[in-house]
Amino acid sequence: LSRARVDAVVFISALQRRAAKPQIQHVKKLNKLLTWIQKNPKKLAYKSLEGDVKEGIHLRIVSDAAFKRETDTGYSLRGGLFLRGGRRQPEALVTSAPLHILDWACQTHRHVARSTFAAELLSAGDAIDQGILVAQMIHEVERGPLSPGAARQLREKGGFVPMGLFVDAKSVFAATTATFVKTPAGKSWLCHIQFLRDLLDKHVLTSLAWVDARDMLADGPTKGS
């Protein structure tokens, strides 16, 4: 189900974490979830992309985090959507057009996050890591297999497909795009900010954009909304 129902993946992920020591309440929640899924069948529809296929494609990475989503365990969730769009021009990354869902993420953070800023920053970094892998797959589908050396060269200097990262954390956007990158209150997060900035400077990441929280598509894999 987690590979087919992106609209319910956050609930599936939450129940998976209870598999070791399930309680009656978790069985009831599982039954409730299955009943809802059966009553609300969904399917992914891949409409034609904008523009000619020969113009190439781009990749949109939508990243979000839910800080302390589970109050009893302290878990902070990260979510992401990886969307394929038509055309390679930079302006195509922010236009309204049909998109294809290629992959998504709904997992707990691998590091301890003590603030919303940290959770959003870590989520963006993990989303980019996964996005680069998806971009390499797209590149190989279009142009054939890459040697390890060629893949490393593209990873360091860019050239897979145009990639845009979308976040709803204004603080992460401001810290990464500042003229001079400053050390944040949590000094350990500086290297993560510099990682994103380095990808932008080397054009591995084509653009970083901020979107309003009310328009955040990745709220589904993190908050179920």
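Gln130 is found in helix 3, and since the model is a predicted one, what follows describes computed geometry. With a relative accessibility of 18%, Gln130 counts as buried, because the cut-off for that class is under 20%. If neighbours within four places in sequence are left aside, Gln130 is in contact with Arg78, Phe82, Asp103, Trp104 and Ala105.

Two other helices pack against helix 3, and they can be taken in turn. The axes of helix 3 and helix 5 come within 9 Å and cross at roughly 65°, which means that helix 3 is roughly perpendicular to helix 5. Helix 3 passes helix 5 in a right-handed crossing, and the residues that meet there are Phe117, Glu120 and Leu121 from helix 3 and Ser171, Val172 and Ala175 from helix 5.

With helix 6, the packing angle of helix 3 is about 40° and the axes lie 10 Å apart, so the two helices are oblique to each other. This crossing of helix 3 and helix 6 is left-handed. On the helix 3 side, the contact involves Phe117, Leu121, Leu122, Ala124, Gly125, Ile128 and Asp129, which meet His192, Ile193, Phe195, Leu196 and Leu199 in helix 6.

The largest nonpolar core has 36 residues, and the members touching the most others are Leu59, Ile61, Ile128, Met163, Leu165 and Leu205. Two or more residues of this core come from each of strand 1 (57-70), helix 3 (116-143), strand 4 (163-167), helix 5 (170-177) and helix 6 (190-201), and helix 3 gives the most, with 11 residues. Leu165 shows how such parts come together: not counting residues up to four places away in sequence, Leu165 touches Ile61, Ser63, Ala124, Ile128, Leu196, Leu205, Ser207, Leu208 and Ala209. A second, separate core holds 15 residues, including Val6, Leu83, Trp104 and Ala218; Trp104 is also one of the contacts of Gln130. In soluble globular proteins, nonpolar side chains tend to be buried together.

The cysteines deserve a brief remark. Cys106 counts as buried, because its relative accessibility is 11%, whereas Cys191 is partly exposed, with a relative accessible area of 47%. The structure holds 0 disulfides.

Terms used. Residues numbered from 1 in each chain as written. Predicted model: local features only at pLDDT ≥ 70, side-chain atom pairs only at ≥ 80, totals over all residues. Heavy atoms only, no water. Core = buried A, V, L, I, M, F, W, Y, C linked by side-chain atoms within 4.5 Å. Buried < 20%, exposed > 50% of the residue type's maximum accessible area, 1.4 Å probe, protein only. Helix = DSSP H or I, 4+ residues; strand = E, 2+ residues; numbered from the N terminus. Contact = heavy atoms within 4.5 Å. Disulfide = S-S within 2.5 Å. Axes fitted to C-alpha atoms, helices over the stretch in contact; angles between N-to-C directions. Parallel < 35°, antiparallel > 145°, perpendicular 65-115°, else oblique. Left-handed = near helix turned anticlockwise from the far one by under 90°.
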